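Colleague: I have a new structure open and I'd like to learn how to read it. Could you walk me through it?

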Amino acid sequence: MHELTPVLSTVAASFLASFVEVVEAFTIVLAVGVTRGWRPALTGAVSALAVLAALVLAFGPLLQLIPITLLQFAVGVLLILFGMRWLRKAILRSAGIIALRDEEAAFSRETDALTRHANDRRAGYLAGVAAFKAVLLEGVEVVFIVIAVGTAHGQTLYAGLGALAAFVLVMLIGLAVHRPLARVPENALKFVVGLMLTSFGVFWIGEGLGAEWPGEDFALLAIFVVIAAASFAMVRWLRNAHAAAANAIPGKA
């Protein structure tokens, strides 16, 4: 169990984070395919995947040249920054301060934009670019997460398998239903991923600084629990504060 803890946490973090990113990219690619045809949609998506593969092949081996303690510290800092960005949005959405992301609405916006360019001679090109940008932008985040959560403990393969499983699952579900995956609890997933990435970041910064965590890898679970408790407390406080502010406005109940 002690040896499985980092493996399972790595796979879970990679899978959940990749699932969210792939769902967002799939929504755009689906809109392009439905509106302008599958040729530009697939051309743009495959081109982006090729660019991502080139980036991994180019920069992946360079990480092996960095001392492990420095790598753990640097990755830890980046993961905290990355995780807190996800966590901040998830907390604000959970508290009702900003709206939840709606994949159906995102799909409608994209199809409307593509329809407006239907008479443009570059319509096919623009559609392909939209698919390319969606897959590339979301894919860069997936690549970062896979490398970050996997490299520091030599578990890039497990992180990659988690991301691959998420990609395959989203593709299978999406192709089966042939519509945006609007029922995916995206904010809940982002909340969990934000907690996991932030926990990994704290853990690896400690290791990079030479700290000896009580319980070694099991300390990762304790860090997760502490950050989760603080985050849920923040959600509750913001929700109450937001409700109080709304009630203080004349004419609002």
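Modeller: Let's take the overall fold, then the helices, then some single residues and a pocket.

Colleague: Before that, what sort of model is this, and how are the residues numbered?

Modeller: It's a predicted model, with residues numbered from 1 along each chain as its sequence is written. Local features need pLDDT of at least 70 and side-chain atom pairs count only at pLDDT 80 or more, while totals for chains, interfaces and linings use all residues; side-chain values use heavy atoms, leaving out hydrogens and water.

Colleague: What share of the residues is buried?

Modeller: Buried means under 20% relative accessible area, exposed means over 50%, and partly exposed lies in between (1.4 Å probe, protein chains only). Of the 253 residues in the protein, 42% are buried. As for the accessible surface (Shrake-Rupley method, 1.4 Å probe), the protein has about 13,600 Å², and carbon and sulfur atoms own 70% of that.

Colleague: And what do the contacts say about the chain?

Modeller: Contact means heavy atoms within 4.5 Å. Among contacts with a separation of 6 or more, 85% join residues 24 or more positions apart.

Colleague: Now the helices. How does the span of helix α2 agree with its number of residues?

Modeller: The expected span is 1.5 Å times one less than the number of residues. Helix α2 (residues 38-59) has 22 residues and should span 32 Å; its end C-alpha atoms are 31 Å apart, which agrees. Helix α7 (residues 186-208), with 23 residues, reaches 32 Å, close to the expected 33 Å.

Colleague: Which residues of α2 are buried, and which are exposed?

Modeller: First the general idea: an α-helix has 3.6 residues a turn, so residues three or four places apart point the same way. In α2, the buried ones are Pro-40, Ala-41, Gly-44, Ala-45, Ala-48 and Leu-52. They cover an arc of only 125° around the axis (taken from the directions from the helix axis to the C-beta atoms), which puts them on the same side of α2. Arg-39, Val-46 and Leu-57 are exposed on the other side.

Colleague: How many residues of α7 are buried?

Modeller: In α7, 19 of the 23 residues are buried, so call the helix mostly covered. One of the residues found in α7 is Gly-201, buried with a relative accessible area of 0%. Leaving aside neighbours within four places in sequence, Gly-201 is in contact with Gly-76, Leu-79 and Ile-80. Just after α7, Gly-210 takes a positive phi of about 90°.

Colleague: Where is Glu-138, and what is it in contact with?

Modeller: Glu-138 sits in helix α5 (residues 123-151) and counts as buried at 17% relative accessibility. Beyond neighbours within four places in sequence, Glu-138 is in contact with Glu-21, Glu-24 and Ala-25. Gly-139, also placed in α5, is buried with a relative accessible area of 10%.

Colleague: Last one: what volume does the largest pocket have?

Modeller: A pocket is an open set of points on a 1 Å grid over the protein atoms alone, where a 1.4 Å probe fits, with protein on both sides within 12 Å along at least five of seven lines; lining residues have an atom within 4 Å of a point. The volume, meaning the space filled by probe spheres set on the points, is about 760 Å³ for the largest pocket. Of its 32 lining residues, the closest to the centre are Val-22, Leu-49, Leu-52, Val-142 and Phe-167. The elements giving two or more residues to the lining are α1 (4-36), α2, α5 and α6 (156-177).

How values were computed: Helix = DSSP H or I, 4+ residues; strand = E, 2+ residues; numbered from the N terminus. Areas by Shrake-Rupley, 256 points an atom, 1.4 Å probe, with all protein chains shown as cover.
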